Amino acid sequence: MYTADELETASRIVYAAMPPTPQYAWPLLREEAGCEVWVKHENHTPTGAFKVRGGLVHMKLRKERGETNGVITATRGNHGQSIPFAAARVGIRSTIVCPVGNSPEKNAAMRALGAELIETGHDFDAARETAMEIAAARGLDFIASFGKELVMGVSTYAHELFRAAGELDEVYVPIGMGSGIVGTIVARDMLGLRTKVVGVVASGANAVALSFAAGEPVSTNAATSFADGMAVRVVNPEAFDHIRRGADRIVTVDEDEIAEAVRIYFRCCHTIAEGAGAAPLAALMKERDAMRGKRVGVILSGGNIDMVKFAAVLAGKTPPP
């Protein structure tokens, strides 16, 4: 359960470090989708993605509890920027583990924020397992990519959106480890809204979609997508419980649909979206006939796409995973 007091605490911490991000109803997106589209611009945070909100809350509360030991976490990039950004603000050392072949630009950003970066494993879940082993060997505190304090922080973006746009008919949210969609569900329920929350996954990383259909967590053997923020193959049971109870449905989009959504964002809004950030718009476009005439929100969760991939997308191509 999440309380109003917890949200107030999270808001106080988040807004001490950053202002609210904008949400705009873009006219050209309305023409593309045939409905009123509110974009929540989480690509406008200090790290270029929504994750920083959860990192700020968790690290501040960790400091207040006297838990000042060094921390370690695993990431494909956005969580891995949020933790060192927030850790540096409270004077705690951070170590980040990412898979081999991870985004070089996200790796550079994590190092610039002061993190020790370790590259190992073939995907996020392999990196996560290694990070837990390093935590035990070095006496570091492991921070999972999903947890109550992370959800408290990221739920602030959903409150901002709902306060500005009112009760939307539907809101599309990308799913990686689940903090974003759970934070949206928590905000929706706390405000007593009837908005349907729709999760979005990539076809090559569809563990949550399979789990939602089965009614229980289902892992996959691989998770491949250029939308690296959604490329996870092991579903967090706690996050899934919230998703199972609070989401209306899960929409699966393919790589070409995600790439086209990146292009639509640039063409209609002159804004940059990474793959995971564009996936909600891809899902809306896939369901645009059913959404016609409605008021819809899409969470642009981040804009941290590598320049090479972005150039390929703008040239009409779909980048490899």
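Trainee: Which ground rules apply to the model?
Mentor: Residues are numbered from 1 along each chain as its sequence is written, and side-chain values use heavy atoms, with hydrogens and water left out. The model is predicted, and totals for chains, interfaces and linings use all residues, whereas side-chain atom pairs count only at pLDDT 80 or more and local features need pLDDT of at least 70.

Trainee: Which residues of helix α14 are buried?
Mentor: Helices here are DSSP runs of H or I with at least four residues, strands are runs of E with at least two, and both are numbered from the N terminus. Buried means under 20% relative accessible area, exposed over 50%, and partly exposed in between (1.4 Å probe, protein chains only). In α14, residues 307-314, the buried ones are F310, A312 and V313. They sit on the same side of the helix because they cover an arc of only 160° around the axis, taken from the directions from the helix axis to the C-beta atoms; the names you asked for are F310, A312 and V313.

Trainee: Which helix do the buried residues of α14 pack against?
Mentor: Let's take the two sides in turn: the face turned away from the buried side carries the exposed residues M307 and V308. For packing, contact means heavy atoms within 4.5 Å. The buried residues pack against residues 255-269, helix α11.

Trainee: How many residues of strand β8 are buried?
Mentor: Strand β8 spans residues 196-202 and is largely enclosed by the rest of the structure.

Trainee: Which residue of β8 is the bridge partner of V171?
Mentor: Two strands pair if DSSP finds at least two bridges between them. Strand β7, residues 170-174, runs parallel to β8, and five bridges join them. In β8, the partner of V171 is V197.

Trainee: Which strands are at the edges of the open four-stranded sheet?
Mentor: The order of this parallel sheet is β5-β4-β3-β6. An edge strand pairs on one side only, and that is the case for β5 (116-119) and β6 (141-142).

Trainee: Which residue of β4 is the bridge partner of I72?
Mentor: Strand β3 covers residues 71-74 and β4 covers residues 94-98; four bridges join these parallel strands. For I72, the partner in β4 is T95.

Trainee: What is the relative accessible area of H159?
Mentor: H159 has its place in helix α7, residues 148-165. Leaving aside residues up to four places away in sequence, it touches L7, A187, M190 and L191. H159 is buried, and its relative accessible area is 3%.

Trainee: Which residues does H242 touch?
Mentor: H242 lies in helix α10, residues 237-246. It counts as buried because its relative accessibility is 16%. Not counting residues up to four places away in sequence, H242 touches Y2, V182, I185 and A247.

Trainee: What is the value of phi for H270?
Mentor: H270 is in the loop between α11 and α12 (275-286), and it is exposed, with a relative accessible area of 65%. Most residues other than glycine have a negative phi. H270 is not a glycine, yet its phi is positive, near 50°.
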